[in-house]
Amino acid sequence: MTESAGTAAPTAPQRILLVTGVLGAGKTTVMRALEDLGWEAIDNFPIRLLDRLLETAPTHTRLDAGAPIAIGFDTRTRGFDPRAIIERVKTLLERRDLSITTLFLDCGGSELQRRYNETRRPHPMSEDKPAESGIAAERELLEPLRRWADVVLTTTDFTTNDLQQAIRDHFRQDSPTRSVITINSFGFSRGTPPLADLVFDMRFLTNPYWVEDLRELTGRDAAVGDYIRRDPAFDEAFARIRDLLLLLLPRFDEQGKAYVNIAFGCTGGKHRSVFMAEQIACALREAGFSPTLLHRNLSARAADLVERSVARSVR
């Protein structure tokens with residue numbers, strides 16, 4: 001029996017992650033990591049208002065109605081009652097249109113004390129007593145939630161990067177988020193791009209500026225490219241830079257780096273850097289990446305002026 005034409009295909013349940021745990025265990029870091037993964041992250045949210053939240057469409061332009069939602073709450077949240085929260089979520093779990101997971105962040109007592117000492121902030125439940133007292137009181141209050149949680153993540157020995165990676169491993173959506181790659185060419189005469197993660201200096205290559213027929217052309221012109229390729233150092237340099245980037249870019253993806261800016265520089269930013277940037281961008285596209293290519297100084301009159309000043313100083 002076939003489904004009628006007017007029957008809509010079943011939609012996937014709305015994915016919801018409840019994030020809680022002891023104060024100081026890393027909830028803020030977790031919420032930021034989830035937001036970077038495409039979750040709609042809402043921190044310090046009263047769970048009693050969850051029904052109302054689920055009825056409200058997201059207003060952020062990059063989120064659709066089915067985007068997963070991460071909701072953070074802890075002992076400071078208004079109306080916090082672990083047993084009432086558990087009962088409320090149990091009721092929501094009966095709905096077929098929802099998929100709810102609870103993540104509890106835990107941390108060793110001595111490490112929590114160290115973190116509070118470093119930040120010089122009092123534990124909210126310690127009042128006028130040592131942080132150790134507040135930590136113990138909080139653990140007692142949270143124990144029902146800890147026992148009930150689907151995932152318990154202990155962050156005692158985690159650095160911030162370790163915790164971010166653990167969240168990516170557990171809660172990344174279907175396909176890993178790739179870094180946004182930008183390739184720039186530029187002239188050192190006007191400074192290095194301030195946001196460059198990787199900078200390659202192309203001034204070791206023979207400069208086409210010294211060839212009169214090539215001077216007014218750019219690294220995008222075939223004649224300039226042919227001239228640069230004839231430099232004995234070009235082939236090996238290109239291969240090594242390409243292979244280095246093919247090694248690093250997947251690792252940047254794994255670490256959740258949102259943006260990778262790669263810059264190629266020469267004296268004026270018109271010939272060598274432009275050609276190498278073009279060639280590397282082509283190689284990365286062939287490898288499955290989608291870089292954006294920018295030539296900062298390609299049309300700048302300053303590029304010619306700098307080349308001329310270098311020529312005069314040499315002579």
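## Pairing of β6 and β9

In this predicted model, strand β6 (residues 180-187) pairs with β9 in the parallel sense, over 4 bridges.

Helix α8 (residues 234-254) lies across β6, β7 and β8 (259-266), and runs at about 175° to β7.

## The four-stranded sheet

The pairing of β6 and β9 belongs to an open sheet of 4 strands, in the order β7-β8-β6-β9, with parallel pairing. The edge positions are taken by β7 (198-201) and β9 (292-295). Each of these has a single partner strand, so one side of each is left without a neighbour in the sheet. On average, neighbouring strands of the sheet are turned by 15° against each other, direction ignored.

## Nonpolar cores

The largest nonpolar core has 44 residues. Within this core, Leu 34, Ile 71, Leu 103 and Ile 167 touch the most other members. Strand β4 (residues 98-106) gives the most to the core, with 5 residues.

Apart from its neighbours within four places in sequence, Leu 103 is in contact with Leu 17, Leu 18, Val 19, Thr 20 and Val 30, and also with Val 151, Leu 153, Ile 167 and Phe 171. A second, separate core holds 25 residues, including Ile 181, Phe 234, Phe 264 and Met 276.

## Cysteines

The count of disulfides is 0, where a disulfide requires a pair of cysteine sulfur atoms within 2.5 Å.

## Whole chain

The chain has 10 helices and 9 strands. Of its 315 residues, 43% are buried. The chain exposes about 17700 Å², and carbon and sulfur atoms supply 48% of that area.

Among contacts in the chain with a separation of 6 or more, 80% are between residues 24 or more positions apart.

Technical notes. Residues numbered from 1 in each chain as written. Predicted model: local features only at pLDDT ≥ 70, side-chain atom pairs only at ≥ 80, totals over all residues. Heavy atoms only, no water. Helix = DSSP H or I, 4+ residues; strand = E, 2+ residues; numbered from the N terminus. Buried < 20%, exposed > 50% of the residue type's maximum accessible area, 1.4 Å probe, protein only. Contact = heavy atoms within 4.5 Å. Areas by Shrake-Rupley, 256 points an atom, 1.4 Å probe, with all protein chains shown as cover. Core = buried A, V, L, I, M, F, W, Y, C linked by side-chain atoms within 4.5 Å. Pairing = 2+ DSSP bridges. Axes fitted to C-alpha atoms, helices over the stretch in contact; angles between N-to-C directions.
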